[in-house]
Amino acid sequence: MGEIIKVGMADLKICKSPDALTTLGLGSCVGIAVRDPVTKVGGLAHIMLPDSTRIRNNSNVPKFADTGIVELVNQLVANGASRARLVAKIAGGAQMFAFQNKTDLVRVGENNVFASKEKLKELKIPILAEDTGLNYGRTVIFYPETGDFVIKAVGKAETVI
Amino acid sequence: MSKLNLNEMSQTYYDVLKEIGNIGAGNATTALAQMLQCKVDMKVPQVKLLDFKEVGELMGGEEQIMAGIYLVVEGDINGSIMFLLEYQSARHLVSKLMGTSCEGEDFSEMGMSALKEIGNIITGAYLNSLSTLTNLKIYPSVPDLSIDMAGAILSVPAIEFGALGDKILLIQTQFTDEMDLDGYFIMIPDMESYELILTSLGITL
């Protein structure tokens, strides 16, 4: 068994099999797991906001779906992944409170999921599986060895996508 | 354009927020004591400006189960306020308020409702002191409740702060009745409201 490396909020990390990556308590944020199934290099990004171009203070690259995913791909390639073989799985983007859509950051979870998918599509990285939306938090663990993306939630059975 | 930058906050600003937190928490404690009909003590609140990743750790890890009560604030100030309570503390308060013992693991429908009301009273007391001090009109919405992992609940205010910077402003309060109850306030006014609060208190930016 390898090590499990923690990825914080607005953060991203890369690892190689047999190590794994985890991010705890994803709420409206989105966890984007990308790997190369051949070299078994994988990365996990924990993004908070959909679009860096709409925020003035946008120097924190992994905070945004657009810049975070690009950085994730660059780091994967720099660590021996093939750009053409990359595949993705995503989780998170919950709406934690029912009336959250009253604030001006309308449906932020949904927007984060949408922006992440758009960016992956633009980069031609196929999304193999997702567990997004709804109203509860998720802890995820990503194993670049198998591509397993383990999802845990309070009061729910553990699932693997 | 806003002159204020959360990452470069002055000591004066901290002190002001601390004092508002202090008075607000004092009011909240009184409200809580009346509601529970018992003596409740309070420690001096701590105001902290934290990196996102530090917040979960402060509350005992991102996977720590918490009750989060969230309200949208309108009026002269726009934004939102969140009150977080550790799960066991929440259970303790609810059982005490309802006069029943904590049976089972989950909250009943009534228990959830009671918890919302606790959050409502506590945040209301806090907002009241802010409103009185600043002479600004503040109208909170009805509360909404989420019982989940700290990280997931905190993603909501973190994202709101995320549009402003890379840190989150938190007021930690400890109440004591028979047990220590850790509560956290997170106040998220938009930038204009931040300035308005400060200028209303006679602080020049």
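**Overall form of chain A**

Analyst: In this predicted model, chain A has a radius of gyration of 15 Å, which agrees with the value near 15 Å that a compact globule of 161 residues would have.

User: How many helices and how many strands does chain A have?
Analyst: Read from the N terminus on, the elements of chain A run β-β-β-β-β-α-β-α-β-β-β-β. Counted by type, chain A has 2 helices and 10 strands.

User: What percentage of the residues in chain A is buried?
Analyst: The C-alpha atoms of chain A fill a box of roughly 45 × 40 × 25 Å along the principal axes. A residue counts as buried if 20 or more other C-beta atoms lie within 10 Å of its own, and among the 161 residues of chain A the buried share is 51%.

User: Is strand 4 of chain A largely enclosed or largely open?
Analyst: In a regular strand the side chains alternate between the two faces of the sheet. Here A:V30, A:I32, A:V34 and A:D36 point one way, while A:G31, A:A33 and A:R35 point the other way, and all are buried. Because 7 of the 7 residues of strand 4 (residues 30-36) of chain A are buried, the rest of the structure leaves this strand largely enclosed.

User: Which residue is the bridge partner of A:R35 in strand 6 of chain A?
Analyst: Strand 4 of chain A pairs with strand 5 (residues 41-47) of chain A through 7 bridges in an antiparallel arrangement, and there A:R35 stands opposite A:G42. Strand 4 of chain A also pairs with strand 6 (residues 87-92) of chain A, again in the antiparallel sense, over 6 bridges. In strand 6 of chain A, the partner of A:R35 is A:V87.

User: Which strand gives the most to the side of chain A that touches chain B?
Analyst: The contact takes 30 residues from chain A and 28 residues from chain B. By class, the side of chain A that touches chain B has 17 nonpolar, 10 polar and 3 charged residues. With 3 residues, the element of chain A that gives the most to this side is strand 3 (residues 20-26).

User: Are helix 3 of chain B and helix 4 of chain B roughly parallel or roughly perpendicular?
Analyst: Helix 3 (residues 87-98) and helix 4 (residues 109-134) of chain B pack with their axes 9 Å apart, at an angle of about 100°. Their contact has 9 nonpolar, 1 polar and no charged residues. Since angles of 65 to 115 degrees count as roughly perpendicular, helix 3 of chain B and helix 4 of chain B are therefore roughly perpendicular.

Technical notes: Residues are numbered from 1 along each chain as its sequence is written. Chains are lettered from A and ligands numbered from 1 in the order in which they are written. This is a predicted model: local features need pLDDT of at least 70, side-chain atom pairs count only at pLDDT 80 or more; totals for chains, interfaces and linings use all residues. Axes are lines fitted to C-alpha atoms, for helices over the stretch in contact, and angles run from 0 to 180 degrees between N-to-C directions. Helices (H or I, at least four residues) and strands (E, at least two) are DSSP runs, numbered from the N terminus. Angles under 35 degrees count as roughly parallel, over 145 as roughly antiparallel, 65 to 115 as roughly perpendicular and the rest as oblique. Ala, Val, Leu, Ile, Met, Phe, Trp, Tyr, Cys and Pro count as nonpolar, Asp, Glu, Lys and Arg as charged, and the others, Gly among them, as polar. A residue is buried if 20 or more other C-beta atoms lie within 10 Å of its own, exposed if 12 or fewer, and partly exposed in between; C-beta atoms are placed from the backbone. Two strands pair if DSSP finds at least two bridges between them. Two residues are in contact if their C-beta atoms, placed from the backbone, lie within 7 Å. The radius of gyration is taken over C-alpha atoms; the globule rule is 2.2 Å times the number of residues to the power 0.38.
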